[in-house]
Amino acid sequence: MPDVVFSRGTWMPSVLDDDGELLLRVVGGADALHGPRTFTVAVTPEHAEVVRTSVRRHLLLYAALLPLCYDAGIGGPWDEGAAAALLDPVLLGTPQEVDETLRRARVDRRTLVAHHVSLRLLKARRYYEAAQSATAESDWARVRKHLGV
């Protein structure tokens, strides 16, 4: 069983050590029995360090990975190649590279809203700057208010 190296709680991705291999574990979607589905992608020590030290980049990566989890549905495989392709630009790229990558990818905007990103900057698709105010704690009432439900 892999050891948890770093975690910001239940839902945000965690870094695991699986016999010397670092993995990012993402919880997203549900299985056929309505339990949470988890997915992993290999990461480097540099990726793991950024996940540990930057709430902003951690959250942006999470929001970009969630649609891949949803695409996997209740039992299908997730696109590990697409997940791996997000790691360098989101975790190690310049702010401009982060924004360019997220503008091309599908992003779970509800997650960003729940984690207190700037709504004005999010609307302008300035993800990196919008996430400057991001918090590790989510506020789903903020999402409901933002969506008017």
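Does His115 count as buried or exposed, and at what relative accessibility? At 4% relative accessibility, His115 counts as buried. Buried means under 20% relative accessible area, exposed over 50%, and partly exposed in between (1.4 Å probe, protein chains only).

This is a predicted model, in which local features need pLDDT of at least 70, side-chain atom pairs count only at pLDDT 80 or more, and totals for chains, interfaces and linings use all residues. Residues are numbered from 1 along each chain as its sequence is written, and side-chain values use heavy atoms, with hydrogens and water left out.

**View 1. His115 sits in a loop between two helices.** The loop runs between α5 (109–114) and α6 (119–123). Helices (H or I, at least four residues) and strands (E, at least two) are DSSP runs, numbered from the N terminus. Leaving aside neighbours within four places in sequence, His115 is in contact with Met12, Leu59, Ser133, Ala134, Thr135, Ala136, Glu137 and Ser138. Contact means heavy atoms within 4.5 Å.

**View 2. His58 is a buried residue of helix α2.** His58 counts as buried because its relative accessibility is 0%. Not counting residues up to four places away in sequence, His58 touches Phe6, Arg8, Met12, Pro13 and Val51.

**View 3. The largest nonpolar core has 44 residues.** A nonpolar core is a set of buried Ala, Val, Leu, Ile, Met, Phe, Trp, Tyr and Cys residues joined through side-chain atoms within 4.5 Å. Leu24, Leu60, Leu65, Trp78 and Leu112 touch the most other members. Helix α2 (residues 55–72) gives the most to this core: eleven residues. Take Leu112: residues up to four places away in sequence aside, Leu112 touches Leu59, Leu60, Ala63, Val107, Val117, Leu122, Tyr127 and Arg142. In soluble globular proteins, nonpolar side chains tend to be buried together.

**View 4. Four strands form an open, antiparallel sheet.** The order is β1-β2-β3-β4. Strands β1 (3–6) and β4 (36–42) are the edges, each pairing on one side only. Two strands pair if DSSP finds at least two bridges between them. Neighbouring strands are turned by 40° against each other on average, direction ignored. Six bridges join β3 (residues 21–30) to β4. Val27 has Thr38 in β4 as its bridge partner.

View 5. Axes are lines fitted to C-alpha atoms, for helices over the stretch in contact, and angles run from 0 to 180 degrees between N-to-C directions.
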